[in-house]
Amino acid sequence: MATTPVTRTEHVYEILRGELLNGGLRPGQKLKLVELTERFGVSQSVIREALTRLTEQDLLIASPQRGFRVRDLSVEDIAELTETRIQVESIALRLALERGDLQWETEVLAAHHRLERTPVTRDDGTVSEDWSTSHRDFHQALLNGCGNRRLESVANSLRDSAELYRRWYWVLTDDHQRDLAREHRQLKELALARDAGQAIAVLTGHIDRAPALLIAYAREHGVDDLTVP
């Protein structure tokens with residue numbers, strides 16, 4: 001175990017985040033401070049700080065009476081979040097294509113290069129954290145040219161909120177033959193060509209595919225059955 005409070009918190013945070021994103025913790029599951037303190041051999045303040053960070057990323061829910069628990073997976077929330085993401089990211093992308101300069105083009109190319117050369121999954125079939133980071137960086141690079149930091153912040157926050165749903169989509173739906181590389185290549189090429197209409201159309205389909213399949217799964221099995229096999 002790491003020795004300083006900061007590194008201890010980071011250690012706990014990284015392990016719990018991995019368990020959340022790869023199905024090790026169930027929707028609605030309560031996280032008990034005492035149990036986590038014993039498990040990691042650290043103080044409750046360290047655990048609380050790690051859980052607070054996860055709450056800020058919308059992976060956990062915190063309430064005064066109930067403490068920390070894994071967020072519930074709601075069909076209504078998935079639909080609302082997806083609709084909002086499409087609207088916000090479409091606006092930001094259109095502005096980026098209008099305002100982006102040579103530096104923006106260079107950053108998009110570099111981010112896409114890293115993404116394209118990073119494997120999506122690890123040997124055990126779970127999503128690679130390196131790929132998740134590269135994926136986030138590419139989508140941020142696309143929008144960075146919009147010249148509006150508040151808009152970028154909202155878009156990034158919404159994308160973070162969707163991360164848990166993306167991971168559950170990967171675990172629960174049979175869509176592993178999806179050609180993500182082609183989708184990202186299209187986004188890069190259309191962005192650099194300044195083709196806003198087609199770029200937004202591709203982005204909309206790219207954002208909507210995972211939530212649509214996850215909602216279909218939930219309706220087929222019942223929301224209460226939305227748990228990892």
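A pocket is taken here as an open set of points on a 1 Å grid over the protein atoms alone, with protein on both sides within 12 Å along at least five of seven lines. In this predicted model, the largest pocket so defined holds about 720 Å³ of space. Its lining comprises 35 residues, of which Ser 132, His 135, Glu 163, Arg 166 and Arg 167 lie closest to the centre of the pocket. When the lining of the largest pocket is divided by residue class, 16 of its residues are nonpolar, eight are polar and eleven are charged.

Several helices contribute to this lining, at least two residues being supplied by each of H1 (5-21), H4 (75-99), H6 (129-143), H7 (149-161), H8 (163-172) and H10. Among the contributors to the lining of the largest pocket, H6 gives the most, with seven residues.

Helix H6 also packs against H9, the two axes lying 11 Å apart at an angle of about 25 degrees. Because angles under 35 degrees count as roughly parallel, H6 is described as roughly parallel to H9. The crossing in which H6 passes H9 is left-handed. On the side of H6, the contact is made by Trp 131, His 135, Phe 138, His 139 and Leu 142, while H9 contributes Leu 180, His 184, Leu 187, Lys 188 and Ala 191. The contact of H6 with H9 is made up, by class, of six nonpolar, three polar and one charged residues.

Helix H9 (residues 180-192) packs in turn with H10 (residues 196-221), at an angle of about 150 degrees and with the axes 9 Å apart. Since angles over 145 degrees count as roughly antiparallel, H9 is assigned as roughly antiparallel to H10. The crossing of H9 and H10 is left-handed. Leu 180, Glu 183, His 184, Gln 186, Leu 187 and Leu 190 of H9 make this contact together with Gln 198, Ala 199, Val 202, Leu 203, His 206 and Arg 209 of H10. Six nonpolar, four polar and two charged residues form the contact of H9 with H10.

The contact of H2 with H3 has six nonpolar, two polar and one charged residues by class.

How values were computed:
Residues are numbered from 1 along each chain as its sequence is written. This is a predicted model: local features need pLDDT of at least 70, side-chain atom pairs count only at pLDDT 80 or more; totals for chains, interfaces and linings use all residues. Side-chain values use heavy atoms; hydrogens and water are left out. Axes are lines fitted to C-alpha atoms, for helices over the stretch in contact, and angles run from 0 to 180 degrees between N-to-C directions. Helices (H or I, at least four residues) and strands (E, at least two) are DSSP runs, numbered from the N terminus. Angles under 35 degrees count as roughly parallel, over 145 as roughly antiparallel, 65 to 115 as roughly perpendicular and the rest as oblique. A crossing is left-handed if the near helix is turned anticlockwise from the far one by less than a right angle, and right-handed if clockwise. Contact means heavy atoms within 4.5 Å. Ala, Val, Leu, Ile, Met, Phe, Trp, Tyr, Cys and Pro count as nonpolar, Asp, Glu, Lys and Arg as charged, and the others, Gly among them, as polar. On a 1 Å grid over the protein atoms alone, a cavity is a set of points where a 1.4 Å probe fits but cannot get out, and a pocket is an open set with protein on both sides within 12 Å along at least five of seven lines; lining residues have an atom within 4 Å of a point. Grid points are joined across faces, edges and corners, and a volume is the space filled by probe spheres set on the points.
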